[in-house]
Each structure stands twice: as structure tokens, then as C-alpha cells.
Amino acid sequence: MSYGLYISDGVNGGVITNANNVFNEEYDFELTNQALSAGGTYNIQTSGAGNPALIGIDLIANNFITVTRDTTNDRIVISNTSGGSQSFSAKIFRFQ
Amino acid sequence: MSEYGLTVYNDNGGLMFDSSRKMNSYIITEIGTGTGPSATVASDDFLFVKIPSGQASSFANTVIFMGVGFNAQFYGRVGTFNNSGDSSFANATAVTLDYFVVKHSSKVSSTDDYGLTVYNEDNTIQFDSRSIKLGQHFLITEYHEPRSVDAWSTTNGGISLGSNSDYWEISNWTSGTLSSFEGDTSLVGLLFSGAPYAINYFSTAGSGFGFGGGNEGPFGGGGSTTTSSETWGDSITGMILSAELI
């Protein structure tokens, strides 16, 4: 390590702020059985903290629920492509 | 960026900590080689596995998946594949893999009275340096978005997920029945065939016995193609991650 923050207990350590990473879940965006009306969308705003390309999503849903990236507006957009109400669960991660 | 608290970026633009954003940092709690971790894997945890060094050939045609909940164990079912609609899988056996487990930092307790704790704005813990118990750490090397993976089948070679030398997360998306009964088999898992591939297989005859299931259950996956009694899912519903120890 040549610079940055390193946290150690004297034996084990971690988190070097140069090229290292911390794998985080953003639980503020955790959704469980979120209802989405026919043709509806749900936007997750990811701007304001780092590179939006370094954000991932995990999704539990049927095939009518799709995920797209709106990089212009730093959003992840979850859409219901069906003609009826659907539900989904999702988690957002920062991992790169 | 917040105007208060602690925010840390790395030199790649990745956000490491931000005390204003309600995040949970993951840390390694267990590294080993065996047929499963020492403790049950919780729904927020991730478990990464790889084939032990020099044993790739013994895992050829083996679909690896994980039983979760009361029996967090690694399983493999050896497939006999053909494209005429009657592939088959041997009964599941426990397989020995290299693995590591990661959990939210806030869930690892410590009685030490020193270190660095990062709190979220709602006073929950984002990161606690006392949760670091091991000298090794991990780096996410691949991320495959839900339904983005082209799953392997007998008529579609699928897309390589990455490298066999990486650890692959299996606790949140793999599942499978342990045996077949009158041909009924469900498998969502990893096939290490030169490189790691995702597989999403279901045969419909009879009823099987089994357990497990990632978050999406045994019917996870996107669209599908059906031949005879077999269904090969074209994709995987959940995200797929790989990592390396550093």
C-alpha cells in the first residue's frame, strides 16, 4: 500500500482505499414483493455516490418484469411488461 | 455526495463507504474446503465456490448446486447429455469444493473496544472493522445481471460465465432435486466444462424428491425451449457473481 486507509487489528486487516473494493448492499433500495401495475415502471435512483456502472441488481420476479439501465439519468428502471399487476423483489449492490 | 459523515472512494470510482446512503458492507467470515460451510447460510449471505486445484476433470458434466436452509451443502449431479430430449442425471452426491462465505459486517459480533465503525444515517452499522476476522479479503470479478446469461443446453452452447479459477456464488440462484423419480428432475446450477456455464434444466415426468432452492426456486429462468419431456431454460433469473480472494 502506498496511500489510503488501512484498518487493522494488528494481525488481520483490510480496506485499502487505493485499488481495493468494498462489496456493499444498499438496503435503502431493498424491495420485497413490490407490486407493479400493468405496464408500470419503478425507478431506482442511483446517482450521487460513485460510478453508476458499478452498481448491480438482483431480482426475484417472473418473466414479465424487466430491468433496464438509464445511464443518462443514473437510474435502474424496473418495468412490468404484462397486462396485469405483477410483483417483484430486488436488492441493489455496489461491488466494483 | 453527502455534506456530512464519511465517504470513501477507491481509485476506480467505486464507492467504498458512504455513511449517508444506508449500506451494508460484506466481509469474509469463513474460508475452507469441504462439502459445505460450518453454519447455515442466511438469505443476505453469499457463498462462493470453486473446484479445488487439479480436480477440474473429475467435475466434467457435473452440475453443481446448493441445498440451503436446514442443510447448507454442496451437491453435484453428473449429466448424460444428448440433444434428442432424453438427457439424464445421476443422483446427487455431496461434492468437496473450495469456498468462502461473506456476511454483512454488522452481523459479525465482537467484544473488542477498538477499531473503526461506520454508521448509516439511521444509526445502523454500515461497516465495523471488528468484523474482520480473517487476513484475506475478496474482490468481485464478474457480475451477470438477472436474465442476461445465455444458459447452456444440449442445443445451445451457452455463454461462458468467466474463469474456472474464480470463485462462483451459488447460494442465491442455484437449486436442484437430489434424485429423479420417474424422470422428474430440476436443476439450476453451474456446469464446469472447460469454463463455468449456467444451466437451467427441468424434466416433467413424475414427481421428484428434493430440496434447496435459491431465491427464484427451481423454475427460475427466462424463456425456454422444450424438447420431449425436457425444458432447458434460456437464462437465469438471479444475478450471478464471481470473486477472487486477495
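Which residue in S3(B) is the bridge partner of Glu26(A)? Point 2 gives the reply. This is a predicted model, in which local features need pLDDT of at least 70, side-chain atom pairs count only at pLDDT 80 or more, and totals for chains, interfaces and linings use all residues. Residues are numbered from 1 along each chain as its sequence is written, while chains are lettered from A and ligands numbered from 1 in the order in which they are written.

1. The contact between the chains. Chain A contributes 34 residues and chain B 40 residues, two residues being in contact if their C-beta atoms, placed from the backbone, lie within 7 Å. On the side of chain A that touches chain B, at least two residues each come from strand S2 (13-14), strand S3 (24-36) and strand S5 (55-60); strands are DSSP runs of E with at least two residues, numbered from the N terminus. That side of chain A has 14 nonpolar, 14 polar and six charged residues. Here Ala, Val, Leu, Ile, Met, Phe, Trp, Tyr, Cys and Pro count as nonpolar, Asp, Glu, Lys and Arg as charged, and the others, Gly among them, as polar.

2. Pairing across the chains. S3(A) pairs with strand S3 (residues 23-34) of chain B in the antiparallel sense, over three bridges; two strands pair if DSSP finds at least two bridges between them. The bridge partner of Glu26(A) in S3(B) is Met23(B).

3. The sheet in chain A. Three strands form an open sheet in the order S4-S7-S6, with antiparallel pairing. Its edge strands, S4 (41-45) and S6 (65-70), each pair on one side only. From one strand to the next the twist averages 20°, with axes as lines fitted to C-alpha atoms and angles running from 0 to 180 degrees between N-to-C directions. S4(A) is joined to the antiparallel strand S7 (residues 75-80) of chain A by five bridges, and Ile44(A) has Ile76(A) as its bridge partner in S7(A).

4. Backbone angles to inspect. Most residues other than glycine have a negative phi. Asn33(A), by contrast, has a positive phi near 50° and lies in strand S3 of chain A. Asn33(A) counts as exposed because it has 8 C-beta neighbours inside 10 Å. Asp74(A), also not a glycine, has a positive phi of about 55° and lies in the loop between S6 and S7 of chain A. With 17 C-beta neighbours inside 10 Å, Asp74(A) counts as partly exposed. The classes count other C-beta atoms, placed from the backbone, within 10 Å of a residue's own: buried at 20 or more, exposed at 12 or fewer, and partly exposed in between.

Definitions and conventions
Helices (H or I, at least four residues) and strands (E, at least two) are DSSP runs, numbered from the N terminus.
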